[in-house]
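Hi,

Here is the structure I promised to hand over.

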Amino acid sequence: MTDAEREQRFRTLAEQILEPVRRYLARRTDAATADDVLSETMLVCWRRLDDVPAGDEAVPWAFVVARNLLANAQRAERRRGRLTAKIIALDPPAAVVEFSADESGSDAVRDALAQLRRDDAELLRLWAWEGLETPQLATVLGISANAAALRLSRAKARLKTELLTSAPPAGHVETEEGSTDARR
């Protein structure tokens, strides 16, 4: 493959995978980390251009690369956090700032996903947010299509159970006020 052919193949590949991988990362991490991981993913694609499958299989392949790079970035962040904690323990700052999470932005689905096992939540996100079908899920997860279908079905059932147990009852709501019938 000549340099011009290689460059053209990479441009075509970049047009195909850039937006799906960007969306995939944006839903899983902060913007800065997503940009860094996206850049690393494109670099891996360039370096391993001969290994990238052609056609529709390129996007799941890129998801695998992005997923692994994101896991590396998250492990590095956890190591930095532990190091920061050790430093703070050895030399505490003068004043401690309290952090309070904003609860107004939470919703039932995100809360339910947070209660699921990490693998189930990731599978559901790949299916629902990225729109991957079972064969593509199998490629991303490195399992057979049948196993992916079975895991997806079980994850959906667990999510449903979690939503039903955590959400307030839907439908008819009883009131204590009584009837407002105008004929009385």
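Let's start in the middle. The largest nonpolar core has 38 residues, and Ile 17, Val 21, Leu 25 and Phe 63 are those with the most contacts inside it. A nonpolar core here is a set of buried Ala, Val, Leu, Ile, Met, Phe, Trp, Tyr and Cys residues joined through side-chain atoms within 4.5 Å. "Buried" means under 20% relative accessible area, "exposed" means over 50%, and "partly exposed" is in between (1.4 Å probe, protein chains only). The elements giving two or more residues to this core are α1 (3-26), α2 (31-47), α3 (58-90), α4 (108-115), α5 (118-128), α6 and α7 (145-166). The largest share, nine residues, comes from α3. As background, nonpolar side chains in soluble globular proteins tend to be buried together.

Before you go further: this is a predicted model, where local features need pLDDT of at least 70, side-chain atom pairs count only at pLDDT 80 or more, and totals for chains, interfaces and linings use all residues. Residues are numbered from 1 along each chain as its sequence is written, and side-chain values use heavy atoms, with hydrogens and water left out.

Now the whole chain. You'll find seven helices and zero strands; helices (H or I, at least four residues) and strands (E, at least two) are DSSP runs, numbered from the N terminus. Of the 184 residues, 26% count as buried. If you look at contacts (heavy atoms within 4.5 Å) with a separation of 6 or more, residues 24 or more positions apart account for 71% of them.

Which residues does Phe 63 touch? Leaving out residues up to four places away in sequence, Phe 63 touches Pro 20, Val 21, Tyr 24, Leu 126, Glu 130, Leu 132 and Val 140. Thr 139 sits 76 residues from Phe 63 in sequence, with 9.2 Å between their C-alpha atoms. Thr 139 belongs to helix α6 (residues 134-141) and is partly exposed, because its relative accessible area is 33%. Again not counting residues up to four places away, Thr 139 touches Glu 57, Pro 60 and Val 64.

Next, have a look at how α6 meets α7. They pack at an angle of about 100 degrees, with their axes 8 Å apart. Axes are lines fitted to C-alpha atoms, for helices over the stretch in contact, and angles run from 0 to 180 degrees between N-to-C directions. So α6 is roughly perpendicular to α7; angles under 35 degrees count as roughly parallel, over 145 as roughly antiparallel, 65 to 115 as roughly perpendicular and the rest as oblique. Thr 134, Leu 137 and Ala 138 in α6 meet Ala 145, Ala 148, Ala 149 and Leu 152 in α7.

α5 packs against α7 too, at an angle of about 105 degrees and with the axes 9 Å apart, which means α5 is roughly perpendicular to α7. In α5, the buried residues are Asp 120, Ala 121, Glu 122, Leu 123, Leu 124 and Leu 126. What covers them includes α1, α3, α4, α6 and α7.

Arg 117 and Arg 158 are 41 residues apart in sequence and 9.4 Å apart in space, C-alpha to C-alpha.

Cheers
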